[in-house]
Amino acid sequence: PIHKESLNFLRALKNVSKPTNLSIVKAYLEKSNRVVFSKKGRVLLLLDGTCSMSSLFTKAKGKVFEMFDRLGTVLEDVGIDEGVELCVAVYRNYNSDARLLLEKGPWCSNA
């Protein structure tokens, strides 16, 4: 069904000036872009752990707590009030061992 919906959308998009096609396009976009809002914030912090960035990597690690504090203030302002979860991931040089190219920790809460 998803494939058929996508094809209908593309056909309608080609001639969107027709009212029926416009309603098909609008309905598809609304359905495809539906967002479920949460009261909990999630942040993925992706760090460049390549050799050339080693000095900046150390500085970035030192800024995590400051970032978390600022993030809490911003999320509170927009009504996300059930806390924040943070996940830290690091990518490395392409010539690293395959298991080390991208490492990710668990989601951690500030609670």
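Contact here means heavy atoms within 4.5 Å, and by that criterion Met 67 touches Leu 45 and Leu 86, once residues up to four places away in sequence are not counted. The model described in this briefing is a predicted one. Its protein chain has three helices and four strands, arranged along the sequence in the pattern α-α-β-α-β-β-β. The points below go from the overall dimensions of the chain to its nonpolar core, and then to individual residues.

**Overall dimensions and surface**

- The radius of gyration of the protein chain is 21 Å, whereas a compact globule of 111 residues would have a value near 13 Å.
- Along the principal axes of the protein chain, the C-alpha trace spans about 55 × 40 × 25 Å.
- Of the 111 residues in the protein chain, 17% are buried, and the accessible surface of the chain amounts to about 8,900 Å², with 61% of that area belonging to carbon and sulfur atoms.
- When contacts in the protein chain between residues at least 6 apart in sequence are considered, 51% of them join residues that are at least 24 apart.

**The nonpolar core**

- The largest nonpolar core consists of ten residues, namely Val 43, Leu 45, Leu 47, Val 64, Phe 68, Leu 71, Leu 75, Val 84, Leu 86 and Val 90.
- At least two residues of this core are supplied by each of β1 (41–48), α3 (54–77) and β2 (84–91), and the largest share, four residues, comes from α3.
- As a general background to such a grouping, nonpolar side chains in soluble globular proteins tend to be buried together.
- Leu 86, one of the core residues, is in contact with Val 43, Leu 45, Val 64, Met 67, Phe 68, Pro 106, Trp 107 and Cys 108, if its neighbours within four places in sequence are left aside.

**Residues of helix α3**

- Met 67 lies in helix α3, and Met 67 counts as partly exposed because its relative accessibility of 28% falls between the limits of 20% for buried and 50% for exposed residues.
- Ala 60 also has its place in helix α3, where Ala 60 counts as partly exposed at a relative accessibility of 26%.
- The C-alpha atom of Ala 60 is separated by 9.6 Å from that of Asp 48, a residue twelve places away along the chain.
- Glu 76, too, is placed in helix α3, but Glu 76 is exposed, because its relative accessible area of 61% is over the 50% limit.
- Although Glu 76 and Gly 41 are 35 residues apart along the chain, their C-alpha atoms are separated by 9.8 Å.

**The loop between α3 and β2**

- Ile 80 lies in the loop between α3 and β2, and with a relative accessible area of 23% Ile 80 is partly exposed.
- Ile 80 and Asn 95 are 15 residues apart in sequence, and the distance between them in space, taken from C-alpha to C-alpha, is 40 Å.

Key
Residues numbered from 1 in each chain as written. Predicted model: local features only at pLDDT ≥ 70, side-chain atom pairs only at ≥ 80, totals over all residues. Heavy atoms only, no water. Rg over C-alpha atoms; globule rule 2.2 N^0.38 Å. Buried < 20%, exposed > 50% of the residue type's maximum accessible area, 1.4 Å probe, protein only. Areas by Shrake-Rupley, 256 points an atom, 1.4 Å probe, with all protein chains shown as cover. Core = buried A, V, L, I, M, F, W, Y, C linked by side-chain atoms within 4.5 Å.
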